[in-house]
Amino acid sequence: MTAQLEQKAEGARVTGRQPRSSKQNSRKGDRNTERRFATWWWFTPALLALVLIHYAPSAIGGFFAFTNWKGLGKWKFVGWENFAAIADGGPTTTALINTFIIGISFVVLTNVLGLLLALGLNRTVKSRNVIRTLIFAPVVLSSLATSYIWKFIFEQDGPLNEFLRSIGLESLQRTWLGDPSTVLPAIIIVMVWQNVGLVMVMYLAGLATVSPELEEAASLDGASLWQRFNYVVLPAIMPSVVIAMTLMLINGLRVFDQIQALTGGGPYGASETLAVTIYKETFVMGRFGFGAALALVMSVIIIILTVAQRLLLRTSSKG
Amino acid sequence: MFRYTKKTLLREALLILVALIFLLPFYFLINLALKNGNDALTTSAMQLVTNPTLDAFGQAIRGGRQATLMDGMLNSIIITAGSVLVLVAVGSISAYTLSRRTGKLSKAAMGLILVTMVLPAQAAIIPIYVGMRNVGLVGTHAGTIIMYAGALLPISIFLYMGFTNGIARDYEEAAQIDGASRFTVFRRIIFPLLSPATGTVAIFTGLIVWNDFFTGLIFLNGSDAVTLPVVIYNFVGESVSQWNVIFAAIIISMVPILAFFLVAQKKFIQGFTGGVKS
């Protein structure tokens with residue numbers, strides 16, 4: 001029934017468009033077959049999902065960021081009050097700074113180490129497939145579950161402190177996750193360990209496109225290892241660099257699982273990030289309006305930094 | 001030029017060393033899970049287990065105040081399978097529609113999908129939560145499947161469009177001349193041709209859903225439908241410092257995905273990088 005209606009409507013549209021399409025006769029045939037093969041009714045579930053899960057909630061969330069809504073009952077407009085509270089130097093400001101520190105260190109470390117591993121494994125090494133599989137393995141595992149292994153490693157009487165004692169470095173022993181000066185580096189190590197395999201695989205895919213002949217020619221012409229990398233390899237893997245850096249930046253800025261598992265944001269908020277604060281404020285404290293404001297800030301930061309990074313990579317690859 | 005020289009040997013040795021250090025956490029994980037409660041507390045984590053026992057695994061399976069590991073496993077399977085099913089069905093047919101229709105409407109729909117990538121997803125989750133709470137979908141399998149499928153649909157459509165655009169129309173025309181309806185053409189001809197994309201979509205989105213903790217924590221914690229990561233999270237909270245039992249629980253939770261990974265690792269890596277690149 002609906003299909004019939006659709007066909008009638010299409011018939012009407014075809015006749016209606018006849019005069020205009022005369023100048024593109026070659027494409028007219030295509031258009032007719034297009035109409036025969038799919039109907040817009042097939043797109044309605046997707047449209048519903050886009051509106052109900054993406055557009056409407058984002059708009060409503062953006063709206064409530066300017067209110068003091070508690071998830072239930074009455075609310076009133078508070079203007080920019082929520083945003084001023086985020087930047088007032090309190091715990092949320094720490095969360096903001098931590099998010100930047102983690103996001104940026106995470107991008108740099110995963111990409112440098114991932115690229116080094118990929119370059120090391122690229123050719124000739126016999127055990128490369130096995131090593132690649134092993135280093136990729138944490139990527140498929142739950143980051144919550146793997147974080148608990150690391151929580152144990154960082155414990156007061158855990159393997160890391162035990163190792164330091166056994167090599168005579170007792171002075172370096174500490175409660176790694178309970179010390180504000182070491183908690184962020186510890187969290188970053190866990191995040192890098194979990195994700196470096198993904199970056200490595202992305203760079204391996206990029207390296208596969210570098211022509212060995214070109215590298216060989218450069219080498220015969222007397223190019224050093226660094227020159228070969230800089231002038232032959234790097235331009236060829238630039239697409240991988242862009243994708244890997246963008247993805248890691250977004251993932252780093254959104255980190256939640258590792259922190260919730262390792263510290264819950266402690267000690268005394270020293271490892272809180274925006275995602276953790278959003279969770280606490282919204283779903284533990286019930287401050288939906290404030291949580292929405294934080295979420296909006298986080299989304300805007302992600303967009304700005306992603307775009308900035310892309311522009312930076314574009315200019316550096318041209319220069 | 002790229003022959004196996006002494007330098008390569010050195011590089012290989014270095015890489016193997018790196019890999020071994022990289023895998024140390026898994027050594028601690030398995031080693032400690034096989035120790036009994038007493039040894040777990042008194043012996044060093046580095047020391048190899050002397051009398052391996054499955055006690056910790058038994059405790060892990062029996063434990064869990066609200067939901068056991070097996071409850072979580074079942075819920076995770078239902079929710080992941082349900083979400084992937086919806087994503088494959090809706091993603092493939094939507095992508096096909098968009099690639100066969102090239103008018104303004106199609107461009108507009110593509111734009112609508114693209115823009116979702118920059119929408120404030122973190123701000124959106126709060127209204128979704130409130131909306132689902134109002135219609136009683138929080139804490140249910142169906143609500144969670146709707147949430148995941150809706151959130152990941154743009155990625156699924158993108159992955160499929162990489163394939164639908166490249167399918168020649170000859171097959172469809174031939175089938176239609178033989179009297180096949182539009183939906184039959186899609187179901188019997190197009191969908192089977194899309195199976196590589198279906199593999200990528202299933203692996204990529206399936207892994208995201210299976211491992212996701214945040215959504216589960218918000219939408220499911222406290223209900224009967226809790227997924228595996230949430231069960232593990234609560235389990236760790238309940239078994240303070242019983243690391244051998246915690247590690248046994250973590251191993252159990254990792255078994256399905258790890259088995260899957262080792263069997264189909266090539267497809268996994270392809271699916272994952274393919275998904276990431278779009």
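Q: Which domains does the domain assignment of chain B give?
A: In this predicted model, the assignment divides chain B into domain 1 (1-63 + 241-278) and domain 2 (66-238). The centres of the two domains, taken over C-alpha atoms, are separated by 30 Å.

Q: How many residues of domain 1 of chain B are in contact with domain 2 of chain B?
A: A contact here rests on C-beta atoms within 7 Å. By that criterion, 16 residues of domain 1 of chain B meet 16 residues of domain 2 of chain B. On the domain 1 side, α3 (55-62), α13 (243-263) and α14 (265-277) of chain B each contribute at least two residues. By class, that side has nine nonpolar, six polar and one charged residue.

Q: What does the domain assignment give for chain A?
A: Chain A is assigned domain 1 (2-79) and domain 2 (83-318). Between them, 10 residues of domain 1 of chain A are in contact with eight residues of domain 2 of chain A. The domain 1 side comprises four nonpolar, five polar and one charged residue.

Q: How is the packing of helices α4 and α10 of chain B to be read, and at what angle do they pack?
A: One reads the angle and the axis separation together, then the handedness, then the residues that meet. Helix α4 (residues 69-100) of chain B packs against helix α10 (residues 195-211) of chain B at an angle of about 140°, and their axes are 9 Å apart. The crossing of α4(B) and α10(B) is right-handed. From α4(B), the residues in the contact include B:S76, B:I79, B:S83, B:L87 and B:G91, while those from α10(B) include B:T198, B:V201, B:T205, B:G206 and B:W210. This contact has eight nonpolar, eight polar and no charged residues.

Q: How many residues does each chain bring to the contact between chains A and B?
A: Chain A provides 73 residues and chain B provides 75 residues. On the chain A side, helix α3 (residues 44-64) of chain A gives the largest share, 12 residues. That side of chain A has 48 nonpolar, 18 polar and seven charged residues.

Q: Which residues have the most contacts inside the largest nonpolar core?
A: The largest nonpolar core has 162 residues, and B:I232 and B:I250 have the most contacts inside it. Helix α9 (residues 183-207) of chain A supplies the largest share of this core, 17 residues.

Q: Which residues does B:I232 touch?
A: Leaving aside residues up to four places away in sequence, B:I232 touches A:L144 and A:A145 in chain A, and B:A249, B:I250 and B:S253 in chain B.

Definitions and conventions. Residues are numbered from 1 along each chain as its sequence is written. Chains are lettered from A and ligands numbered from 1 in the order in which they are written. This is a predicted model: local features need pLDDT of at least 70, side-chain atom pairs count only at pLDDT 80 or more; totals for chains, interfaces and linings use all residues. Axes are lines fitted to C-alpha atoms, for helices over the stretch in contact, and angles run from 0 to 180 degrees between N-to-C directions. Helices (H or I, at least four residues) and strands (E, at least two) are DSSP runs, numbered from the N terminus. A crossing is left-handed if the near helix is turned anticlockwise from the far one by less than a right angle, and right-handed if clockwise. Two residues are in contact if their C-beta atoms, placed from the backbone, lie within 7 Å. Ala, Val, Leu, Ile, Met, Phe, Trp, Tyr, Cys and Pro count as nonpolar, Asp, Glu, Lys and Arg as charged, and the others, Gly among them, as polar. Domain bounds come from an automatic or database domain assignment. A nonpolar core is a set of buried Ala, Val, Leu, Ile, Met, Phe, Trp, Tyr and Cys residues joined through C-beta atoms within 7 Å. A residue is buried if 20 or more other C-beta atoms lie within 10 Å of its own, exposed if 12 or fewer, and partly exposed in between; C-beta atoms are placed from the backbone.
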